[in-house]
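Student: I have a structure open and would like to learn how to read its features. Could you take me through them one at a time?

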Amino acid sequence: MDKRIYVWIIVLFIFNLGLGLELSPIELNITIHSEMNTTINLSISKINDSVLLFNYSKAPWITGPEIIETNSSNVTVELTLFIPSNISPGIYNESILIQELINQTNTTTNTTNTSIIDEDLFEIYMVTDLDMDNYSYFEDCNDNNSSINPGMIEQFFNGIDDDCNPDTLDNPEIRIILDKDSYKLGEEVKINISAPDNTIINISIARPYQGDIYQVDIEEALNGSGIITYDHTYWHGSYMITTIANYSIPNSSVILTSIKYFNVTNSLTVTISGDTSIKEGESTTLRANPSGGIGNYTYKWILHDNSTRTEREINLSFTSPGTYKEKVIVNDSYGNSAEREVEIRVKAIYELRVIVRDNSTDQLLDNAIVEIDDKKSNTTNGLATFTLAEGDYDLIVSKPGYSPFIDTDVSIDKDTTIEVYLNPIDKDAPILEISQPEEGERVTNNFTIRFSAIDTGKITCSIYIGDNSSQWLSKVKEYFMDSGEQSFTTTLDEGSYKLRIECMDTSGNIATRETTFIVTRDEFREINVNNLFNEIEDSLAELEGLDQDSRRAAELLGIKEKLRLAQKQLEFINRDINELYTETRYTEEERAKKRESILENMRRLMTETIISVRAIDAYRFVKYEKEEDLSILGEAYKESITTTASKQDISDRFIEYTSRIIPSSEVIVAELEYINGSKKKVTIIHREIKLNVSGRPKIYEYIPKEIASSDKNIGLISDLEIVNPDPLLAFSVEDNDSVQYTYYIDRPLSSEEAKKIILGVMSNKPLPRNTITGFSFIHVRIDWQKSIILSIIVSIAVLALLYIILGIFGMVPFLSNNATKKIRRLANEALDMLDEKEYDKAIMLYNEARMLYESSTLSTRAATYLLLYNLLRKINSYYMDSLIEEIEATKMSGRANALLLEKLRVAFNALTDKEKEVYLPRVKQYLG
């Protein structure tokens, strides 16, 4: 064994059993320092003439004499204690049996009396605690020294592990722990002190004073570990934490010192607000805006002229243009400082002179409207003058009868004169001639069309070809060209055709020429199913790359599905062609019929399959029908439907039920190209209607003849029925909540034309009597701004009455005077310009009419008020449409335009309530 075993052997007691004789009790307390065995001297008192017999324990731990016979009463017995190496520490009960044999003589016999000593004599304790400090060998790091054990308190700096704990350092540390190294002004600092228990630590925190000099701010004492909160971070710079602990040891003392630094950044900042771009002679107010400091702020402005100011807000004036630097320095209550500099740009004032001339005659033009950004002036003797600060401006010059001049990059950095030459609007159409094919000429299947167009500027020429027996022509080509000759080759099926060429100059003047020709060819031999199949496959792939409106048009027309169907039809046609050439069972007559049938199917597929769609225009609107329009719809309905109801009853029903719906219209004008190469422009109309009508309602649409002369001009996409070829369409409603349907008209329609189509709802449920319809005067007053409508009606009535009275008394002419005629002429011309989408020209005409109106007599105003009011409403509509189209275009190109959105917001707020209802669905997605 590597360690010593400490054994206590205690002799507890000895009893004398028999004859009343007893041995002296043995008390033995022996400490044995032997690892394996030791010798024990056992003292026993006995009767002089007795004999001691020894019988030892079962385990051979104790050995000694077996018998002791001596006359002495005190016997020392030497015993050997042997402890095996495999015995673990513990308590073991062992025994020694001692018998005392006593010889006693009497008169008759000799008798030997035996005294038996209790055999439970020894208890052996094996314990590992050499230094008797109550900590076993396994707990004690030094069992030879009772002053070193786990129960001791560590004595620092003595080089001894007094508490048997290596984690308790003999030379302890005092640690300062911070959650971070840098803080802001005024931020609280948590200081964690780690130290041995019962260690008195003196702590001081010093703040920055001057440079590297520190000034003690707080001092505290701490017993052992703990947390100190420091919240005096009022100065920026480096702070120092110092801890001191004093330990007394024999013959000396030890002082432990720990130092840690943390930094407080200068979080004081300042910004300067105020206008930094002003004109010469103007003033500006600058304001210092500090933050992050402690306490109150003081201000020091160092201005461009080296003068100083101490206010927070200062006002500066500048008499000369240039760039000026102004600086402010801000200090808080604890000397923390921040500064900011700003540049003031003072712009010089210059004069801009705009001279306007006629480009064809070089004459000065009066009353030309000159706009420079938000300033506007009319020319006098061809001159308009503006006073402007240096900078970049937009210049617009316009005059009725002339094309407007626009320059978006006018730079003003000195007194400037700009001469603008306006071009008179051209009223002469281009000179157009068709040289090939000639009238009635027969051409082969591949032939050339040749024409010439001559004009002073650019020309747009469109080529239309159609069946000679029909007025319907498809556009097959378009050129944007200079004066000269153009030609192109195309392919047509056999038949008679009409060719029309239309050329328009930049002023909108149009020239048209027509001719007829005949195409002869063997169609059947030219059929190439594989090429057509591949062409359709290419068209399907191109659909994915269309712009948003074109893709929507393709979706509404179901082009993708129709192209897939056309491929299936081509497969059948290819099968029939192969069968025609390989099958021998056909007679010549049957073969000819089969051949004609294949050609007919091919012609139908070529003329009906759309392979390309291009959106030209798109707009959405919500339109609520007027009573008079619904009366027209009611008359068309009664003429087409067998009914006993009166016209008034039908009209009332349409008015009532139509007032309970919300119709939303999506209109796309698109150019369609068919697989045979022909093209045509159509107007796709998609309705989405929310209903609140009981019974089994039907939606009816009456299309005026000026839009579609008959049902042949209409293509049905959804399950619409043609009630009357006039035409009158009907759509049966399955779901009373909302419905959608689509159709197209085979020519392009403007927004105003599309709104002429009358939409109404009819239900089989009888109309309740004495019901106020949704289009009564009361309803109109509710939907419109009541006060505005009433004031307009009263004003018109008063003006009209006054006009009549003045006319009766001869104070003004009763009939329209020259001013009235001129205003009406200008207003009507403006309406014509709007119909032709000449928005800028319409605006100029309206402004001219408005100026004349404001300078006219009361009678002239009364006679022209409603005309100008309706013109303005229509201009507003066109302006809203153009703004929305421009916003949609910028949105598609990924460019956000906040200015356009603000213009849209202002324009929308200027509308009447009724007009707002029309534009709300379109405006809502942009203005929220």
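Tutor: C461 and C503 form a disulfide, with their sulfur atoms 2.1 Å apart; the term means a pair of cysteine sulfur atoms within 2.5 Å. Before going on, please note that this is a predicted model, where local features need pLDDT of at least 70 and side-chain atom pairs count only at pLDDT 80 or more, while totals for chains, interfaces and linings use all residues. Residues are numbered from 1 along each chain as its sequence is written, and side-chain values use heavy atoms, with hydrogens and water left out.

Student: What is the handedness of the link of C461 and C503?

Tutor: Look at the angle about the S-S bond: it is 115 degrees here, and the link is right-handed. C461 lies in strand 38 (residues 459-467) and C503 in strand 41 (residues 495-505), so the pair ties together parts that are 42 residues apart in sequence. Strands are DSSP runs of E with at least two residues, numbered from the N terminus.

Student: Are C461 and C503 buried or exposed?

Tutor: Both are buried. Buried means under 20% relative accessible area, exposed means over 50%, and partly exposed lies in between, with a 1.4 Å probe and protein chains only.

Student: How many disulfides does a search of the whole structure find?

Tutor: Two. The link of C141 and C164 is left-handed, with -75 degrees about the S-S bond. C141 is partly exposed at a relative accessible area of 47%, whereas C164 is buried at 17%. With the bonded cysteines of the chain numbered in sequence order, the pairing reads 1-2, 3-4.

Student: Let's turn to sheets. In what order do the four strands of the open sheet run?

Tutor: The general idea is that two strands pair if DSSP finds at least two bridges between them. Here the order is 30-29-32-33, and the pairing is antiparallel. Strand 30 (375-378) and strand 33 (405-412) are the edge strands, each pairing on one side only. From one strand to the next, the twist averages 20 degrees; axes are lines fitted to C-alpha atoms, and angles run from 0 to 180 degrees between N-to-C directions.

Student: How many bridges join strand 29 to strand 30?

Tutor: Four, and strand 29 (residues 369-372) runs antiparallel to strand 30. To find one of them on screen, go to V370, whose bridge partner in strand 30 is S377.

Student: And in which sense do strand 26 and strand 27 pair?

Tutor: In the antiparallel sense, over ten bridges. T323 stands opposite R345 in strand 27. The hairpin of these strands has five residues between them, and G335 there takes a positive phi near 85 degrees. Strand 27 is also joined to strand 21 (residues 277-279) by three bridges, and those two strands run parallel. In that pairing, the bridge partner of S277 is R345.

Student: Now the charged side chains. How many salt bridges are there?

Tutor: A salt bridge is a side-chain nitrogen of Lys or Arg within 4 Å of a carboxyl oxygen of Asp or Glu. By this rule the count comes to 34. In one of them K327 meets E339, the closest N and O atoms being 3.9 Å apart. This pair links distant parts of the chain, with K327 in strand 26 (residues 322-331) and E339 in strand 27 (residues 337-347), twelve residues apart. K327 is partly exposed, at 22% relative accessible area.

Student: Which residue meets E478 in a salt bridge?

Tutor: K475, at 2.6 Å from N to O. K475 counts as buried at 5% relative accessibility, while E478 is partly exposed at 44%.

Student: What about E656 and R660: how far apart are the closest N and O atoms?

Tutor: They are 2.2 Å apart, and the two residues form a salt bridge. E656 counts as buried at 5% relative accessibility, whereas R660 is partly exposed at 31%. Elsewhere, salt bridges that share partners join R552, E555, R620 and E666 into one network.
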